[in-house]
Amino acid sequence: MKWILVILLSNLMLSHPTVDVAPTEEAKLYMIKRVNQLRAKGCKCGGKRMKPTTPVKWNDKLYNSALSHAREMKRYNFFAHFSIDGDDIGDRLDNHGYNWAVAGENIGEGQRHFDEVFYDWIKSTSHCKMLMNPNVNEMAVARSGRYWVQHFGKQIPEGARKRPRN
């Protein structure tokens with residue numbers, strides 16, 4: 001019964017189309033749980049079988065980066081992996097202080113709640129492969145209006161220097 005209430009509250013919080021609301025701790029746990037259930041059992045992405053892989057955990061820097069991109073898409077009414085200025089996921093993570101070794105992004109538009117966008121990502125081969133990427137260990141999901149952004153990452157170990165991007 002408690003989980004049903006959490007799911008309902010999480011979906012309510014993540015389903016309002018006009019107000020940006022940070023996810024509650026329960027909503028974060030729910031989204032992580034759903035992603036990690038998929039990663040634990042494996043799945044088919046398109047026609048390719050994806051093996052079970054390690055779990056991910058929530059990262060607030062990834063959330064802030066995802067929210068920034070979702071807000072920009074809402075503000076300028078566009079839907080793309082690149083920003084108005086041409087920034088990609090790596091640029092966005094750099095701008096939010098996430099020292100990444102691996103980065104990835106899923107986007108969605110028009111879904112009313114997390115379960116709906118999650119299901120759509122599983123149905124999309126490229127988004128599904130990102131959900132199952134064994135090289136990431138952190139994620140976050142943000143929503144602004146009708147736009148959803150999920151950021152994935154793996155940080156460079158403390159003290160290691162990042163290679164410059166070309």
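Predicted model: local features only at pLDDT ≥ 70, side-chain atom pairs only at ≥ 80, totals over all residues.
Residues are numbered from 1 along each chain as its sequence is written, and side-chain values use heavy atoms, with hydrogens and water left out.

Of the 166 residues, 45% are buried, meaning under 20% relative accessible area with a 1.4 Å probe, counting protein chains only (exposed is over 50%, partly exposed in between). As for contacts (heavy atoms within 4.5 Å), 67% of those with a separation of 6 or more involve residues 24 or more positions apart.

Now for the cysteines. A disulfide is a covalent bond between the sulfur atoms of two cysteines; the working cut-off is a pair of cysteine sulfur atoms within 2.5 Å. The structure holds 1 disulfide, and it joins cysteine 45 to cysteine 128, with 2.1 Å from S to S. This pair ties together distant parts of the chain, 83 residues apart: cysteine 45 sits in strand S1 (residues 43-45) and cysteine 128 in helix H6 (residues 125-131). The torsion about their S-S bond is about -65°, so the disulfide is left-handed. Both cysteine 45 and cysteine 128 are buried.

What about cysteine 43? Its closest cysteine sulfur belongs to cysteine 128, but at 3.6 Å that is too far for a bond. Cysteine 43 also counts as buried, because its relative accessibility is 9%.

Definitions and conventions:
Helix = DSSP H or I, 4+ residues; strand = E, 2+ residues; numbered from the N terminus.
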